Amino acid sequence: MGVSFLSTISPLLLRVPVPSLTTTTTNRYPSYAKYQVTVRCNKMEIDATAEDEDRIYRRDILKCAGVTIGMELMASSGLFVEKASAADLIQRRQRSEFLSSLKGTLSTAINGNVELIPSLLTLALNDAMTYDKATKSGGANGSIRFSSELSRPENKGISAALNLLDEAKKEIDSYSKGGPISYADLIQYAAQGVLKSTFLASAIRKCGGNEEKGRLVYTAYGSSGQWGLFDKQFGRADTQEPDPEGRVPLWVNASVKEMKDKFVAIGFGPRQLAVMSAFLGPDQAATEALLATDPDVSRWVQKYQRSRETVSETDYEVDLITTLTKLSSLGQQINYEAYTYPVRRVDLSKLKL
């Protein structure tokens, strides 16, 4: 049998301003002096008679004027574009800094409670698995935090994981400047934290327990650079009511067919089912043994078991990250301005020099 995943735990727009209906300019916009802009209006040179003036000349004048006015507006909007870009950069930095702090808090919580790692993965899976493709409802929306949903049979044994995140949330909310973290984000980033710590632990183990070498191997050859899209999906919204019952199987009792059917229903297949084996219960080895009895899933189970035996685990880690990234966005419209906040302006006139 292969190595168990859980067993390792210990466009820039170029603005070229154009003047009015003159043919060439180099002076009106000095900062763009190296660009010579010529506006040529079709048939402007025609010596039109009074008879065809309305038919040709007026139409072409209006066409030329419309194009020129539009280009003038583009040129004059430069300051607005610059301000918008600056605001976007500020928001990106705010989100990045908050996300970095959030990950640090979650890492500390996870490393201090490694026995909850399987439950944290199932918590993330079951919160997302309420997604219904037909109605576009449910998904990774934090609904599992409600006691009426958490107490369902499929969620038995994962309340301790949610309690751990509740405590982490208090700390995270205390330093957040852009509002409280949503449970939808918190749950999925906890799963990310689990995977990253497990991938790193595996690399260290394969380097004979040498942490420095293990970190170097994981950074150089591992999957640490594959989380970009997942981190961009920061801004999930919480639902205000539990999701409907009957959408999530009881994984420990489900047949392979039942699991396959559920994964197909949300847009996945045997490959994604195999790579998510660590999320399906506390005993990954037993889960994979069951999955391997199905010919559609078996080849993927074997592929990922072989991958976990290599130093980099590339195939397994990359496919797992890709699947979690898609799973964790089901049913969500990501708010890319979430957790941002107004920057206080300094009145320079009131500064005492």
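**Entry 1: Arg-92**

I began with Arg-92, which is exposed, with a relative accessible area of 55%. For this I took exposed as over 50% relative accessible area, buried as under 20%, and partly exposed as in between, with a 1.4 Å probe and protein chains only. The model is predicted, and local features need pLDDT of at least 70, side-chain atom pairs count only at pLDDT 80 or more, while totals for chains, interfaces and linings use all residues. Residues are numbered from 1 along each chain as its sequence is written, and side-chain values use heavy atoms, with hydrogens and water left out.

Arg-92 is found in helix H2, residues 78-111. Helices here are DSSP runs of H or I with at least four residues, strands are runs of E with at least two, and both are numbered from the N terminus. I then checked the distance from Arg-92 to Thr-340. The two are 248 residues apart in sequence, yet their C-alpha atoms are 8.2 Å apart in space.

**Entry 2: the whole chain**

I looked up the totals next. The protein has 13 helices and two strands. Of its 353 residues, 43% count as buried. Its accessible surface comes to about 19400 Å², and 54% of that belongs to carbon and sulfur atoms. Areas come from the Shrake-Rupley method with a 1.4 Å probe, and for residues only the protein chains shown count as cover.

Then I checked confidence. The mean pLDDT is 83, and 74% of the residues reach 70 or more. Residues 11-56 have pLDDT below 50, and beyond near neighbours in sequence this stretch has 54 contacts in the model. pLDDT is the predictor's confidence in each residue, from 0 to 100. Contact means heavy atoms within 4.5 Å. Where pLDDT is low, the predicted coordinates should not be read in detail.

**Entry 3: Leu-99**

I went back to helix H2 for Leu-99, which lies there. Is Leu-99 buried or exposed? Leu-99 is buried, with a relative accessible area of 8%. Leaving aside neighbours within four places in sequence, Leu-99 is in contact with Tyr-189, Asp-231 and Phe-234. I also noted Ser-176: it is 77 residues from Leu-99 in sequence and 9.8 Å away in space, C-alpha to C-alpha.

Two packed helices are described by the angle between their axes and the distance between the axes. Axes are lines fitted to C-alpha atoms, for helices over the stretch in contact, and angles run from 0 to 180 degrees between N-to-C directions. Angles of 65 to 115 degrees count as roughly perpendicular, under 35 as roughly parallel, over 145 as roughly antiparallel, and the rest as oblique.

Which residues meet in this pair? From H3 come Ser-119, Leu-120 and Leu-123, and from H5 come Ala-161, Leu-162, Leu-164 and Leu-165. By class, the contact of H3 with H5 has six nonpolar residues, one polar and no charged. Nonpolar covers Ala, Val, Leu, Ile, Met, Phe, Trp, Tyr, Cys and Pro, charged covers Asp, Glu, Lys and Arg, and the others, Gly among them, are polar.

I followed up Ser-119 in H3. Ser-119 counts as buried, at 14% relative accessibility. Not counting residues up to four places away in sequence, Ser-119 touches Gly-157, Ile-158 and Ala-161.

**Entry 4: H6 against H13**

H6 (residues 183-206) and H13 (residues 314-327) pack at an angle of about 175°, with their axes 12 Å apart. That makes H6 roughly antiparallel to H13. On the H6 side I found Gln-188, Ala-191, Gln-192, Leu-195 and Phe-199, which meet Tyr-316, Glu-317, Leu-320, Ile-321 and Leu-324 in H13. The contact of H6 with H13 has seven nonpolar, two polar and one charged residues.

Leu-320 is in H13, and counts as buried at 0% relative accessibility. Leu-320 and Arg-271 are 49 residues apart along the chain, and their C-alpha atoms are separated by 9.9 Å.

**Entry 5: positive phi**

Last, I looked up backbone angles. Glu-313 is not a glycine, but has a positive phi of about 55°. Glu-313 sits in the loop between helix H12 (295-308) and H13, and counts as buried at 3% relative accessibility. Tyr-339 has a positive phi too, near 70°. Tyr-339 lies in the segment after H13 and is buried, with a relative accessible area of 7%.
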